Amino acid sequence: MMFDDEIAASVGYLGSAEALACLEASSYWPKWDSPWWHMLLLHEMGETRRIPERTMRAFVDAMKATPFTIFMDGPGELPKGADPYFTACHCQLGNVYRVLDGFGVDVDAELPWVGPWFVANQMADGGMNCDESAYAVTDECPSSMVGTIAAFEAMALKSAEGLSEEAASFLDRAAGFMVGRRLTMGSETRHNAAEREAAASWMLPCFPRFYHYDVIRGLTALSLWAERRGVSVPREAIGPVVEAVDRAFPDGVVRIGRRCWEGVGTIMQTGDGSWDYRRREAPGFPLLEAVSAVGAASPYLTREWAGTRRRMLGVLG
């Protein structure tokens, strides 16, 4: 198997006392080398079951200790004195849901507030935004493709028969948002103008994605939604995206175009257990470095695209 040594190193770290102590301090920080990021990368590689059982249990317990299960300026107000660094966001929870589900955890039973969180924080156009200030904007709808994709993926895990009316509505509205953006367009709003610049890179696949977006990720999520809901996807909106990916990778082998995780800052825990909020560049770890080389053929993206392309061609209307 490729990356055997690096996988073993991450699995070994996850089973260590150091990893468990890190989870006691935070289920999230620091990027990118706390247990959560090792777990999420293993999941993206299809190796979710390699996560040690006791580490997964410790992670679920850490998530249960999330101090506030509301989103900033969403359906409620963040309590006074709350530390925004230790509250959840849509991207985090969408990915948490997928990793736990992939491991076999009953997420709705263990973390019953997560599914309703997505429904409660959907914006008027069907999208979401992890920037809490976006919810205070009244003259436009500054939703975000990046802020929507992970929650959409999480909710799409359920079969059509297992969906509540609220969940089905969330999915269909989110799918409409993604189709409206043709999976390639950034926000046209003033508040989220930065997404228009980011959208220029969305045709460049990245792995792992973590909380980032590319069009293959969008096509995968949309095709799974359509297949499970038994509906079609508008060919005029999404067909050109499929064709563009085909042109980019005519042999079907997807090569990595960027490393989204590089250059991102993180807060760090100090020796006395307090947190240093000065943003420092987040370090990587061996497995992360190994699977994300720009220009390299990615077996994980190639496998994903083969399945997504086949499924998408079956649901284009």
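**Entry 1. Helix 1**

I began with helix 1 (residues 4-14), where Ile 7, Ser 10, Val 11, Tyr 13 and Leu 14 are buried. These residues lie on the same side of helix 1, because they cover an arc of only 160° around the axis. I took the arc from the directions that run from the helix axis to the C-beta atoms. An α-helix has 3.6 residues a turn, so residues three or four places apart point the same way. I then looked up what covers the buried residues of helix 1, and the cover includes helix 2 (17-25), helix 3 (35-44), helix 4 (53-64) and helix 13 (286-291).

**Entry 2. Conventions**

I note that this is a predicted model, in which local features need pLDDT of at least 70 and side-chain atom pairs count only at pLDDT 80 or more, while totals for chains, interfaces and linings use all residues. Residues are numbered from 1 along each chain as its sequence is written, and side-chain values use heavy atoms, with hydrogens and water left out.

I use "buried" for under 20% relative accessible area, "exposed" for over 50% and "partly exposed" for values in between (1.4 Å probe, protein chains only). Helices (H or I, at least four residues) and strands (E, at least two) are DSSP runs, numbered from the N terminus. Contact stands for heavy atoms within 4.5 Å.

**Entry 3. Aromatic rings**

I found that the structure holds 17 aromatic pairs. Rings of Phe, Tyr and Trp (its six-membered ring) pair if their centres lie within 6.5 Å; planes under 30 degrees apart count as stacked, over 60 as edge-to-face and the rest as tilted. I examined Tyr 85 and Tyr 277, whose ring centres are 5.0 Å apart and whose planes are at 45°, so the pair is tilted. Tyr 85 lies in the loop between helix 4 and helix 5 (90-103) and Tyr 277 in strand 2 (residues 275-281), so the pair ties together parts that are 192 residues apart in sequence. Tyr 85 is partly exposed, at a relative accessible area of 27%, and Tyr 277 is partly exposed as well, at 36%.

The charged end of Arg 49 sits over the ring of Phe 103, 5.5 Å from its centre.

**Entry 4. The nonpolar core and Phe 118**

I define a nonpolar core as a set of buried Ala, Val, Leu, Ile, Met, Phe, Trp, Tyr and Cys residues joined through side-chain atoms within 4.5 Å. The largest such core has 96 residues, and Trp 36, Phe 118 and Leu 222 have the most contacts inside it. Helix 9 (residues 165-180) supplies the largest share of this core, nine residues.

I turned to Phe 118, which is found in helix 7 (residues 114-120) and is buried at a relative accessible area of 0%. Apart from its neighbours within four places in sequence, Phe 118 is in contact with residues including His 90, Tyr 97, Met 128, Ala 151 and Phe 170. Phe 118 and Val 107 are eleven residues apart in sequence and 14 Å apart in space, C-alpha to C-alpha.

**Entry 5. Helix 14**

I located Thr 308 in helix 14 (residues 299-315); at 0% relative accessibility, Thr 308 counts as buried. Its side chain makes a polar contact with the side chain of Thr 220 (2.6 Å). I count as a polar contact a pair of N or O atoms within 3.5 Å; within protein, one must be able to donate a hydrogen and the other to accept it, and residues adjacent in sequence count only if both atoms are side-chain atoms. Not counting residues up to four places away in sequence, Thr 308 touches Leu 219, Thr 220 and Ser 223.

Ala 306 also has its place in helix 14, and is partly exposed at 41% relative accessibility.

**Entry 6. Backbone**

I recorded a cis peptide bond between Lys 31 and Trp 32, with omega about -15°; Trp 32 is in the loop between helix 2 and helix 3. A cis peptide bond also joins Phe 207 and Pro 208, with omega about -5°, and Pro 208 is in the loop between helix 10 (194-198) and helix 11 (215-229).

Arg 182 has a positive phi near 55°, and Leu 183 a positive phi near 60°. Arg 182 is partly exposed at 37% relative accessibility, whereas Leu 183 is buried at 0%.

Definitions and conventions. A charge sits over a ring if NZ of Lys or CZ of Arg is within 6 Å of the ring centre and within 35 degrees of the ring normal.
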